[in-house]
Amino acid sequence: MKVLGILGIIVILLFIFLIQRPGLKRSGKREKIAFFSIMMVNGVLAVLLVIFPEMPGPGQMIDFLYKSFKPFW
Amino acid sequence: MCKIQAIKRTFTLFLLIFLSSMVLTGCWDRTEINDLALILAAGMDKGKNNNIELSVLVFIPRPQQSGQGNEMSSGGSSGQSFVRSAEGKTIADAMARLQEALTRKIFWGQSEVILIGDKLAKKGISEQIDFWMRHSEPRIRADVLVAKGKAKTVLKAIPELEKDASIQLRKIVKSHIGVRVTVKDLLQMLSHTSNVAVLPWVENLPPTQMDKKKAIPIIKGAAVFKDGKMVGRLSDKETRGILWPRNEMKTGVITISFTGEEGSISLNLLRSHNKLIPSIKNGKWSMRIKTNADLEVFQNTTEFNLFDPNVIKKAEKKVVYEIEERERLVMTELQKKLNADILGFADEFEKKYPQIWKKNRDQWNEIFPEIAVSFDTKVKIQRTGLADEKHKRGAER
Amino acid sequence: MIEKGRISGLELALIMYATVSATAILYIPYITAQHAKRDLWLSPIWGSLSGFLIVVIIVILSRYFPGKTLIEYCELILGRTIGKIIAFLYLFFLLHDTSIAFREYGEFVESAFLHRTPMLFVTGSIAISCAIAVHGGIQTIGRCAVLFLPIVFVSYVLIYIFLIPDLNLKNMLPIMADGVLPSIKGSLAPHAWLSQYSLMSFLLPLVTKQQKVMKWGIVSVVASVLTMVLMNLGNLFLFGDILINLQFPVFEAARFVSVGSFFEHIESIIIAVWVLGGFIQLSAFFYMVVLGTSQWLKLPSYKPFVLPIGFLIILFSVWTIPSFEDMIRGMGTTVPYYFLTIQLIIPSLLLCVAVIRWKKPKSFMQ
């Protein structure tokens, strides 16, 4: 199941790459670097989420940061 | 070069179409109409070992016969619906059992009637209402009724005029013979502090009025609930008494007679408007029930001439007395015997005196029987019909 | 500037209206009712305070730096390093907010209709259609808003018109039985939603008539607040005290419609129409994230980033919110503070520094 999920992610990321490729060719270096770093973040995060679905995220961070405000209400 | 780009473009286009078609089907939740068992009405009864028995009236889809008239509907039990039931710990559990015996998926979207057997009603209904609110299919507009005996038997009834028990009950409820309560209304009543509710009471038509073998459900009075349990019943006449203050009185014939006079006058109700006016003075709680009603004369078997304004006044006075008498009858029943505030007095007090109410909310059960109820009824006879009384006196002349 | 397209003031107001109200009408009544009970219709009025305040701050900031968005003038005001950090914070918040919006959309469609369909497919399919709109630029979104929102608006008004026989005005009494406090407590969620008007900063440089921006911003806030108040009132009139038990009162109201026993079961149409509004909202959010990212990285075009960021948004929508209950609980407790810190405190901070360090612009207020 997890292997299939990772495969699916790779396929989707490849699709995205293929669709955006014509545009990327025309663009400069900065854009290419930015594009690939976002894709990297995507890939790593997606694989992590497939392997550890219960991984704590920003939502929990917000909960933790603002927990002390709750008693006001 | 150009060619390769064109190929690439078509390739990406196909990919896009392929991707979106995969995503847009929504095939997980696909259900065709011939995979659905349409539920027309549901009944809840007390089963064995504290279980719930859920009975459903399932619609049988049949193609309409062309030109042949309706042979099917006259064919007795082989009508257009059937009843199935199953037991379970909860309604959802019973529904799962029920599903095992049906080839099609149960669909609640068309279920417009929910019947509760009297045994279950006496045991308590508040837990069961949860299902009807939580599940996303059943309508919260469905009418809720309490059946004498088992709900299952009522669902099995085959009325003469209507196709099945569901339509029969729905139409009777709609005609404002008794109270009309939907799932939403019931929940609203139960969630209020006073925690009382009133539901229409379904009985079979007495055998004197029809063929003995058949059982036809009609509405006869109302069932009163307190803390989620049925605590008592109101008769047909008493129910009319609560319809006035609940603003549900839409039709009805009132017959009055005068002492020392032969015959009586029957009046038809055209419209009525009612209002509850609470007041708290010096710690004394009182409620004024204000009623305005317009009537027309249907029949006059007395010797009175209705063109005489004095007679009209007299008749109006008598009607006022009649209406107040019914209301008084039911109020003593509610206040002294059942201690159930089904007219929503608590709500009225809360809205007018929120601060006093907050202090006394917990003592409401002690306060309610002591509330002084007064009546303020205004009646107007609008029309006296198409004929006058002279034809009766024709012989004298 | 990256974006070539321009929008009119009306389109600005409509896009912002959709951004705030599309999910607000679904979730606000339940969350507000938990604290405010019968006074829930008052809460959006208190909440409008942050809406108006933020619109004023953002518009004044845009007068200081015409043609620049919050991400861009952040650096100008606070210097390169701090500016980049604050801008990143804001951008991360925006990404988070967008993913919450996608999740709200998905959760609603799931709990109302597609119980079995995995959430990814619901959010994923809307993300793909939004991506097309975002790729088309702001003008596409603006035109869609002008086309779709009137339909959405009319259909929602119609629900309550059809329900008039079932509405009981007395449900609203007694007003403020426990004082003002419950309604102010309940206003937390409306505050959070209305604080999203800070996102207007991304659209302001694109408006053709800059002088009328303030007017349209205020009009949009008023419209959102009115929508929330009227929706809350309509639900209160219909459901009374049981409103606090209903997660999607608007949906329940649509299910309750029954005119002459043949015009019933219209909730599917209502959802289909609502999706139009949701589409505008999500596209606008999506567009702002993409635009903000490329501005933060100082890139000449945003188009290559539409799909990767769309993917990231969907990932976030799965990652940040474990479940529906968590989402609802968060919206009623911690998330509003988060929204307010980022969207109210950062812009006011920027404004303070700008007032001290920069000269007043010539065209300050019209």
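Accessible areas come from the Shrake-Rupley method with a 1.4 Å probe. On this basis chain B exposes about 21,000 Å², and carbon and sulfur atoms supply 53% of that area. The model is predicted. Chain B contains 12 helices and 13 strands. Of its 397 residues, 49% count as buried. Among contacts in chain B with a separation of 6 or more, 71% join residues 24 or more positions apart.

Helix α10 of chain B spans residues 345-352 and is mostly covered. Six of its eight residues are buried. These are Phe345(B), Ala346(B), Glu348(B), Phe349(B), Glu350(B) and Lys351(B). The cover over them includes strands β11 (264-281), β12 (284-300) and β13 (372-383) of chain B. Helices α9 (309-338), α11 (354-360) and α12 (364-367) of chain B also contribute to it.

Gln335(B) is found in helix α9 of chain B. Its relative accessible area is 6%, under the 20% cut-off, so Gln335(B) counts as buried. The side chain of Gln335(B) reaches the backbone oxygen of Ile371(B) at 3.0 Å. Neighbours within four places in sequence aside, Gln335(B) is in contact with Phe368(B), Pro369(B), Ile371(B) and Val373(B).

Most residues other than glycine have a negative phi. Phi of Asn49(B) is near 45°, and that of Asn50(B) is about 60°. Asn49(B) lies in the loop between β1 (36-46) and β2 (52-59) of chain B. Asn50(B) is placed in the loop between β1 and β2 of chain B. Asn49(B) is exposed, with a relative accessible area of 74%. Asn50(B) is exposed as well, at 52%.

The interface of chain A and chain C takes 32 residues from chain A and 31 residues from chain C. The two chains bury about 2,900 Å² between them, 75% of it on carbon and sulfur atoms. Seven residue pairs are in polar contact across this interface. On chain A, helices α1 (2-26), α2 (29-51) and α3 (58-65) each supply at least two residues of the side that touches chain C. The largest share, 11 residues, comes from α2(A). By class, that side of chain A has 22 nonpolar, five polar and five charged residues.

One salt bridge crosses the interface of chain A and chain C. Asp63(A) pairs with Arg329(C), the closest N and O atoms being 3.6 Å apart. A network of salt bridges links Asp63(A), Asp326(C) and Arg329(C).

The interface of chain B and chain A involves six residues of chain B and five residues of chain A. The area buried there is about 480 Å², and carbon and sulfur atoms give 82% of it. Thr12(B), Leu15(B) and Leu19(B) supply 62% of the area that chain B buries against chain A, more than any other three residues. The count of salt bridges between chain B and chain A is zero. Zero residue pairs are in polar contact across this interface. The side of chain B that touches chain A has four nonpolar, one polar and one charged residues.

Over all chains the structure holds 30 salt bridges. Side chains of opposite charge can pair when their charged atoms come close. In chain B, Glu53(B) forms a salt bridge with Lys152(B), with the closest N and O atoms 3.7 Å apart. Glu53(B) is in strand β2 of chain B and Lys152(B) in helix α5 (residues 151-156) of chain B, 99 residues apart. Glu53(B) is buried, with a relative accessible area of 7%. Lys152(B) is partly exposed at 21%.

Asp241(C) forms a salt bridge with Arg38(C), the closest N and O atoms being 3.2 Å apart. Asp241(C) lies in the loop between α10 (213-239) and α11 (249-256) of chain C, and Arg38(C) in the loop between α1 (9-36) and α2 (43-64) of chain C, so the pair ties together parts 203 residues apart in sequence. Asp241(C) is partly exposed, with a relative accessible area of 30%, whereas Arg38(C) is buried at 12%.

Lys298(C) forms a salt bridge with Glu75(C), the closest N and O atoms being 2.9 Å apart. Lys298(C) is in the loop between α12 (267-296) and α13 (306-319) of chain C, and Glu75(C) in helix α3 (residues 70-78) of chain C, 223 residues apart. Lys298(C) is partly exposed, with a relative accessible area of 47%, whereas Glu75(C) is buried at 14%.

Conventions. Residues are numbered from 1 along each chain as its sequence is written. Chains are lettered from A and ligands numbered from 1 in the order in which they are written. This is a predicted model: local features need pLDDT of at least 70, side-chain atom pairs count only at pLDDT 80 or more; totals for chains, interfaces and linings use all residues. Side-chain values use heavy atoms; hydrogens and water are left out. Contact means heavy atoms within 4.5 Å. Buried area is the accessible area (1.4 Å probe) that two parts lose on being put together, summed over both. A salt bridge is a side-chain nitrogen of Lys or Arg within 4 Å of a carboxyl oxygen of Asp or Glu. A polar contact is a pair of N or O atoms within 3.5 Å; within protein, one must be able to donate a hydrogen and the other to accept it, and residues adjacent in sequence count only if both atoms are side-chain atoms. Helices (H or I, at least four residues) and strands (E, at least two) are DSSP runs, numbered from the N terminus. Ala, Val, Leu, Ile, Met, Phe, Trp, Tyr, Cys and Pro count as nonpolar, Asp, Glu, Lys and Arg as charged, and the others, Gly among them, as polar. Buried means under 20% relative accessible area, exposed over 50%, partly exposed in between (1.4 Å probe, protein chains only).
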